[in-house]
Amino acid sequence: MTDSGILVILSGPSGSGKDTVLNKFLDGRNDAKVSVSMTTRAKREDEVDGVNYYFVSREYFEKKLSEDKMLEYAEYAGNLYGTPKAPVDEMLAEGKAVILKIEIQGADKIRKLYPDVVSIFLMPPSATVLENRLRGRNSEDEETINHRLVIAKEEMRRAADYDYVVINDTVENAAAGIETIINAERRKTFRNKNIISEVINNV
Ligand code: 5GP
């Protein structure tokens, strides 16, 4: 266990497969948790309130912002998305790797707040796969899909600003990529200073 938890950003365009890959990575692993965001977007049929997101009204979201309860937030495709602050602090204090599944504006804000954050960009293996995944969801109309594709292109141009890039060619490969990164980050010296000095002091 490191001195404290690790904050991890996972970004990637809509349709890059973040949820599937994260579910695979988290399976059986209890030292990592995904932060549940708040959004004003409408719930999709397969989504569960409090699990995938906290689905709230714009009014409620803005109230939480004014109360300073959000770590970051961004407007994306006409809706607000944000990270509630308290649960992240609690999970970090428990030593967890806390994964923020957020878009690039949010990632920019978090980098400023937490310079030690580890950022990962999940890339689809090809444009065709990206488009097929977006269409396969069957939950959005043509206009929304096209809008998301335009945003996706802009987002992928920012991939180089991230510490790591993981290609989602298969769920297994991508989940293994995330696992490798988090396991290595846990072993960075600066995250283990307290443990090192504690052992030395007890010799
Ligand atoms: P979707 O509507 O497809 O679930 O999410 C749209 C985008 O919003 C995705 O890129 C997702 O990662 C991002 N997102 C989800 N939650 C948050 C959040 O709390 N903050 C920010 N900045 N982006 C988020």
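This is a predicted model: local features need pLDDT of at least 70, side-chain atom pairs count only at pLDDT 80 or more; totals for chains, interfaces and linings use all residues.
Helices and strands here are runs assigned by DSSP, with a helix needing at least four residues and a strand at least two, and both are numbered from the N terminus.

Let's begin with the ligand, which sits in the largest pocket. Two elements each give two or more residues to the shell around the ligand: β5 (70–76) and β6 (79–84). In total, 18 residues surround the ligand, and the closest are Ser37, Arg41, Tyr53, Tyr81 and Glu103. Sorted by class, that shell holds 7 charged, 6 polar and 5 nonpolar residues.

| Residue | Ligand atom | Distance |
|---|---|---|
| Glu103 side chain | nitrogen | 2.6 Å |
| Arg148 side chain | oxygen | 2.9 Å |

How much of the ligand does the protein bury? On its own, the ligand would expose 510 Å², and the protein buries 96% of that.

**Ser14, a partner of Arg148**

Arg148 turns up again when we look at Ser14. The side chains of Ser14 and Arg148 make a polar contact with each other, at 2.6 Å. Is Ser14 buried or exposed? Its relative accessibility is 7%, and buried means under 20%, so Ser14 counts as buried.

Now for the backbone. Most residues other than glycine have a negative phi. You'll find Asp68 in the loop between α2 (58–66) and β5. Is Asp68 buried or exposed? The cut-off for exposed is over 50%, and Asp68 has 52% relative accessibility, so Asp68 counts as exposed.

Ala77 is another such case: its phi is near 45°, again positive in a residue other than glycine. This one belongs to the loop between β5 and β6. Ala77 has a relative accessible area of 31%, so it falls between the two cut-offs of 20% and 50% and is partly exposed.

**Distance along the chain and distance in space**

Asp19 is part of helix α1, and its relative accessible area of 42% makes it partly exposed. Between Asp19 and Asn52 there are 33 residues of separation along the chain, and their C-alpha atoms are 9.0 Å apart.

Next, take Glu62, which is in helix α2 and is also partly exposed, at 42% relative accessibility. How far is Glu62 from Ala97 in space? These two are 35 residues apart in sequence, and the C-alpha to C-alpha distance is 28 Å.

One more pair involves Asp3, which lies in the segment before β1. With a relative accessible area of 30%, Asp3 is partly exposed. Asp3 and Ile196 are 193 residues apart in sequence, yet 9.7 Å separates them in space, C-alpha to C-alpha. Pairs like these are handy to click on in the viewer while you trace the chain.

Key: Residues are numbered from 1 along each chain as its sequence is written. Side-chain values use heavy atoms; hydrogens and water are left out. A residue is near a molecule or strand if one of its heavy atoms lies within 4 Å of it. A polar contact is a pair of N or O atoms within 3.5 Å; within protein, one must be able to donate a hydrogen and the other to accept it, and residues adjacent in sequence count only if both atoms are side-chain atoms. Accessible areas come from the Shrake-Rupley method with a 1.4 Å probe; for residues, only the protein chains shown count as cover. On a 1 Å grid over the protein atoms alone, a cavity is a set of points where a 1.4 Å probe fits but cannot get out, and a pocket is an open set with protein on both sides within 12 Å along at least five of seven lines; lining residues have an atom within 4 Å of a point. A molecule sits in a cavity or pocket if more than half of its atoms lie within 2 Å of its grid points. Ala, Val, Leu, Ile, Met, Phe, Trp, Tyr, Cys and Pro count as nonpolar, Asp, Glu, Lys and Arg as charged, and the others, Gly among them, as polar. Buried means under 20% relative accessible area, exposed over 50%, partly exposed in between (1.4 Å probe, protein chains only).
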